[in-house]
Amino acid sequence: MPDITAKTATVAPHAGLRIPEHLGVIMDGNRRWAQVQGKPRSDGHREGIKALRRLVEYSIRYGVPYLTVFSFSSENWRREKSEIEFIFKLMRTFVDSDLGKLKDNNVRIRILGERKELDPGLQKIITRVEVETRENTGLNLNVAFNYGGRAEIVTTAGRIVQFVREGRIGPEEIDEELFSRMMLTGGMPDPDLLIRTGGESRISNFLIWQSAYAELVFLDEFWPDFDEPLFVRALEMFSRRQRRFGGDGGG
Ligand code: IPE
Ligand code: IPE
Ligand code: MG
């Protein structure tokens with residue numbers, strides 16, 4: 001194993017590090033971070049945005065082609081109204097402050113999730129972000145917002161039924177490949193690495209179809225503490241994993 005220290009990593013990505021094609025990140029632990037610091041929850045979410053900024057920067061620098069971050073789940077509506085409103089406000093502020101820079105960095109942004117349930121102002125922002133970055137060819141940044149993996153599968157199934165009804169596809173054409181193409185991530189590689197911070201070892205309904213064979217890395221650190229050494233540590237763990245896909249390891 002290459003010896004990758006935080007020091008070398010800040011200078012340049014280490015040659016021996018395997019870079020995922022598609023990195024998924026469950027950014028968890030904002031409120032516990034705030035609690036430990038004796039700060040209000042909102043501070044945790046605010047710091048979480050800074051950590052997201054860092055993650056995007058590392059992903060660009062290390063050459064990750066696809067990055068999907070979980071920023072609000074369809075189950076997060078169960079939280080207090082004031083917290084939900086704060087998270088939404090943060091997203092708007094993030095777009096206002098960062099969209100220009102993301103565009104300059106050739107980042108293509110897509111928002112994954114159920115947008116019809118969001119208020120029209122937010123829907124407009126989502127469309128704007130996607131339209132303004134659609135010609136970009138650098139990092140593909142997917143933001144899972146009001147996203148749930150089961151809902152995505154059900155919606156996709158419904159779309160396929162509709163296609164069959166309209167005679168655009170025959171029922172015999174329904175297979176995994178078609179299903180993948182019709183999902184929100186259609187045309188993208190499946191995540192090969194999934195990182196979750198915050199110490200919980202679960203997927204919480206994130207990209208459940210796409211992550212069937214993803215390597216899972218669970219980190220104890222809270223999301224606002226996410227930094228480059230942690231990013232490198234996750235990549236090192238990924239680099240060490242032997243992916244078999246049900247086969248014999250193909251050595
Ligand atoms: C992740 O942190 C951010 C969102 C789910 C929006 P949490 O808010 O879940 O923080 P913890 O996990 O309760 O500490
Ligand atoms: C998952 O975190 C969702 C996001 C990070 C946006 P949660 O904190 O909502 O998940 P649970 O409740 O621990 O499963
Ligand atoms: Mg949480």
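Is the crossing of H2 and H3 right-handed or left-handed? The crossing of H2 and H3 is right-handed, that is, the near helix is turned clockwise from the far one, by less than a right angle. Heads-up: this is a predicted model, with local features needing pLDDT of at least 70 and side-chain atom pairs counting only at pLDDT 80 or more, while totals for chains, interfaces and linings use all residues. Residues are numbered from 1 along each chain as its sequence is written, and side-chain values use heavy atoms, with hydrogens and water left out.

**Where H2 meets H3**
- The axes (lines fitted to C-alpha atoms over the stretch in contact, with angles from 0 to 180 degrees between N-to-C directions) of H2 (residues 30-37) and H3 (residues 41-62) come within 7 Å and cross at roughly 120 degrees.
- Asn30, Arg31, Trp33 and Ala34 of H2 are in contact (heavy atoms within 4.5 Å) with H3 residues including Arg41, Asp43 and His45.

**The cavity**
- There's one cavity of 30 Å³ or more, meaning a set of points on a 1 Å grid over the protein atoms alone where a 1.4 Å probe fits but cannot get out.
- The largest cavity holds about 180 Å³ of space, counted as the space filled by probe spheres set on the points.
- Its lining (residues with an atom within 4 Å of a point) has 15 residues, with Met91, Val95, Ile111, Val129 and Val143 nearest the centre.
- H4 gives the largest share of that lining, six residues; helices here are DSSP runs (H or I) of at least four residues, numbered from the N terminus.

Key: Chains are lettered from A and ligands numbered from 1 in the order in which they are written. On a 1 Å grid over the protein atoms alone, a cavity is a set of points where a 1.4 Å probe fits but cannot get out, and a pocket is an open set with protein on both sides within 12 Å along at least five of seven lines; lining residues have an atom within 4 Å of a point. Helices (H or I, at least four residues) and strands (E, at least two) are DSSP runs, numbered from the N terminus.
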